[in-house]
Amino acid sequence: MLLVIDLGNSEVKFGIFLKEELKHRFQVSTDLNKSVDEYDAALASIIKNKNIDISKINGVIISSVVPPLSSVFKKLIKTRLNIDPLFIGPGVKTGLKIKLDHPNELGADLVADAVSVKERYGYPAIIIDLGTANKIIALDKNGHFIGATFTPGIKAGVNALISSTAQLPKVSLVKPSKILGKNTPDSINAGAIYGNYAMLKGLIEMIEAELGYECKRVLTGGAAHLFYEDGNLPSNLIFDENLALHGLRLIYEKNVGKRK
């Protein structure tokens, strides 16, 4: 089996594949202050509760946008599984042509997203990855990675708003029934969710206008459910919460081969 790890700024997502099937998926919060032993204890508890036989794991690949934790997870995997994990980075085969000024600046998570979409859904495509940051990336009609647009993530935007004011309260992100809120929490949520929806919809349309053709649209990321579940997004939008995990699997197979 193959273990894939998407090490992000807010969450660390794990997937265990048996060939092409995602058998298990789980996550823990990202914490720069946690030690190898603390992450190991957290994972051991999850593995026990899910009754996962880790002795069958014979390959590991990691995408990381949190450099301080890369060494932590490298040591964790070596200690727990006696495997040297493959990290997405220079020299790793992805099958993706990156048409950027500085290709090495592209985050490993976005590489995984792009590879997953290119091989599983096709192109041209616009990928909307909603997490700590909103990341909108594009594959052109040749399947080349041609650019990105970043904005503050929904939670980051709300937290910045609240921390910059004296009287606004902390809120849980919940989609209100109306755009015009009748109380402060609803007003904050309406601005965050409907405002981001309008921005994302507009950016997608602007990107397609800039390219000169329509694209497949794929939505993913930890905050994606806030938009997808209400059914307000266009009918041609594909929602895939495991997009990056499948991308990691595909990249591993290109470099090492398929795991049983």
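## Two loop residues with positive phi

Asparagine 51 sits in the loop that links helix H1 (36-49) to strand E4 (59-64). In this predicted model, its phi is near 55°, a positive value in a residue that is not glycine. Asparagine 51 is exposed, since its relative accessible area is 69% and the cut-off for exposed is over 50%.

Lysine 19 also has a positive phi, about 55°, although it is not a glycine. Lysine 19 lies in the loop between strand E2 (11-18) and strand E3 (21-29). With a relative accessible area of 57%, lysine 19 is exposed. Most residues other than glycine have a negative phi, and most peptide bonds are trans.

## A cis peptide bond

The bond joining tyrosine 123 to proline 124 is cis, and its omega is near 5°. Proline 124 belongs to the loop between helix H3 (108-120) and E6.

## Arginine 249

Arginine 249 is part of helix H7, which covers residues 243-255. Its relative accessible area is 5%, so arginine 249 counts as buried, the cut-off being under 20%.

Apart from neighbours within four places in sequence, arginine 249 touches Leu2, Val4, Phe17, Lys19, Glu20 and Arg120.

## Helix H5

Helix H5 takes in residues 184-211, 28 residues in total; at 1.5 Å a residue it should span 40 Å, and its end C-alpha atoms are 40 Å apart, so the two values agree.

The buried residues of H5 include Ile188, Ala192, Ile193, Tyr194, Leu200, Leu203, Ile204 and Ile207. Asn189, Asn196 and Glu208 of H5 are buried as well. The buried residues of this helix pack against strands E6 (125-130), E7 (133-139), E8 (145-152) and E9 (216-220). They also pack against helices H4 (154-163) and H6 (225-228).

## The chain as a whole

The chain has seven helices and 10 strands. Its radius of gyration is 19 Å, close to the 18 Å that the globule rule gives for 260 residues, so the chain is as compact as a globular protein of that length. The C-alpha trace spans about 55 × 45 × 30 Å along its principal axes.

Of the 260 residues, 46% are buried. Among contacts between residues at least 6 apart in sequence, 58% join residues at least 24 apart. The accessible surface comes to about 13,400 Å², and carbon and sulfur atoms account for 50% of it. There are 32 positive and 27 negative side chains, and the centres of these two sets are 5 Å apart.

Terms used: Residues numbered from 1 in each chain as written. Predicted model: local features only at pLDDT ≥ 70, side-chain atom pairs only at ≥ 80, totals over all residues. Heavy atoms only, no water. Helix = DSSP H or I, 4+ residues; strand = E, 2+ residues; numbered from the N terminus. Rg over C-alpha atoms; globule rule 2.2 N^0.38 Å. Buried < 20%, exposed > 50% of the residue type's maximum accessible area, 1.4 Å probe, protein only. Contact = heavy atoms within 4.5 Å. Areas by Shrake-Rupley, 256 points an atom, 1.4 Å probe, with all protein chains shown as cover. Lys, Arg positive; Asp, Glu negative; His and termini not counted. Charge placed at Lys NZ, Arg CZ, Asp CG, Glu CD. Expected span 1.5 Å × (residues − 1).
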